[in-house]
Amino acid sequence: RHLTRIMLFIIGLGLYDEKDVTVRGLELIKSSDRVFLEAYTSVLSIGKERLETFYGRDDIVVADRDFVECRAEEIYLPAKDGDVSFLVVGDPVCATTHSDIMIRAREAGVKVELVHNASAMGAVGSCGLQLYNFGQTVSIPYFDENWRPTSFYPKIQYNRNGGMHTLCLLDIKVKEPDFEAMKRGKIVYLPPRFMSVNESSEQLIEAEEMRGRGAYDPDRTLCVGLARLGQSDQCIIAGTLNELKQQDFGSPLHCMIICGEVHDMELEALRPYLLKDSRYEIDAEGTLFQREVP
């Protein structure tokens, strides 16, 4: 690249470890004046130290939730005077957080360039469902005793009414403040939490019970749970919500799909991932049918 270009590079790191970065992204990271690692919307399976070793630098700044939401200008304004690399898990254009930083940087007169990489929104196709049959992507937030949001429900219903699949991205909680400790004047952060397919299945079942409009059936709608996409031990299991909530998907990160109309080729590709004791079977022609429940 031309050495006199001064700009903010938003660089996708891919899905797994330090070696998933593209060659172009790696060259930019090595030559940048400052490097920030976003650790709010998603996380890699490795720590910052391994990234620094592979990138050949020891000055990567971790941008947590507070940094990204309240001090984003500290990321993009330095790009007026030198190259800045802002590293994100997956691809730069898959999270509204990154789009917001890109817009604010451009409004501040900072040049922005994106370096793309693999993301969960593409890698979910590894289960055999065709990406062009997906509708709106939804996020499933953690329920708690005071807050049980179901804004994702009508979007799932809209997708399924149109025969489309729904990718559900599952909540993560990293460096969340402990409000009880803060009341006592202590700054304490809760341990990281990563929503599992099991937890999201439970919440989706509860959302259907709350809304009751038949967006999906916990005992009849085919769904797919996915864990650690892009890694050598990725896990994919297909079944109903009531079946998936009982499976062991292993360590994070997880996501899931609520299927719409499943075509013959998709059914054939899904066959290896169906639970052996699932209520669903695929016959020799690739047609989905349900076993009779005793």
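What follows is a short chat about a predicted model, covering its domains, salt bridges, a helix pair and a loop.

Q: What kind of model is this, and which pLDDT limits apply?
A: The model is predicted: local features need pLDDT of at least 70, side-chain atom pairs count only at pLDDT 80 or more, and totals for chains, interfaces and linings use all residues. Residues are numbered from 1 along each chain as its sequence is written, and side-chain values use heavy atoms, with hydrogens and water left out.

Q: How is the protein divided into domains?
A: Domain 1 covers 7–118 and domain 2 covers 121–290; the bounds come from an automatic or database domain assignment.

Q: How far apart are their C-alpha centres?
A: The centres of domain 1 and domain 2 are 28 Å apart. The contact between them (heavy atoms within 4.5 Å) takes 11 residues from domain 1 and 12 residues from domain 2.

Q: Salt bridges next. How many does a search of the whole structure find?
A: The search finds 11. A salt bridge here is a side-chain nitrogen of Lys or Arg within 4 Å of a carboxyl oxygen of Asp or Glu.

Q: What does arginine 104 pair with?
A: Arginine 104 forms a salt bridge with aspartate 100, and their closest N and O atoms are 3.5 Å apart. The two are 4 residues apart in helix H5 (residues 96–107), so about one helical turn separates them. Helices (H or I, at least four residues) and strands (E, at least two) are DSSP runs, numbered from the N terminus.

Q: Which residues are linked with that pair in a network?
A: Glu73, Asp100 and Arg104 are linked in a network of salt bridges.

Q: What about arginine 271?
A: Arginine 271 forms a salt bridge with glutamate 268, with the closest N and O atoms 2.8 Å apart. Arginine 271 is partly exposed at 29%, and glutamate 268 is partly exposed at 39%.

Q: And which residue does aspartate 233 bridge to?
A: Aspartate 233 bridges to arginine 228, the closest N and O atoms being 3.2 Å apart. Aspartate 233 is partly exposed at 42%, whereas arginine 228 is buried at 8%.

Q: Where is arginine 228, and what is its phi?
A: Arginine 228 is in the loop between S10 and S11. Its phi is near 55°, a positive value in a residue other than glycine.

Q: What does glutamine 231 touch?
A: Glutamine 231 touches Leu15, Tyr16 and Ser45, not counting residues up to four places away in sequence. Glutamine 231 is in the loop between strand S10 (223–227) and strand S11 (235–239) and is buried at 13%.

Q: Different topic. At what angle do the axes of H7 and H9 cross?
A: The axes of helix H7 (residues 153–161) and helix H9 (residues 197–211) come within 11 Å and cross at roughly 90°. That makes H7 roughly perpendicular to H9, a label for angles of 65 to 115 degrees. Axes are lines fitted to C-alpha atoms, for helices over the stretch in contact, and angles run from 0 to 180 degrees between N-to-C directions.

Q: Which residues make the contact?
A: Tyr153, Pro154 and Ile156 of H7 meet Leu204, Ala207, Glu208 and Arg211 of H9.

Q: Which peptide bond is cis?
A: The bond from proline 252 to leucine 253 is cis, with omega near 0°. Leucine 253 is in the loop between helix H10 (241–244) and strand S12 (254–258).

Methods:
Buried means under 20% relative accessible area, exposed over 50%, partly exposed in between (1.4 Å probe, protein chains only). Angles under 35 degrees count as roughly parallel, over 145 as roughly antiparallel, 65 to 115 as roughly perpendicular and the rest as oblique.
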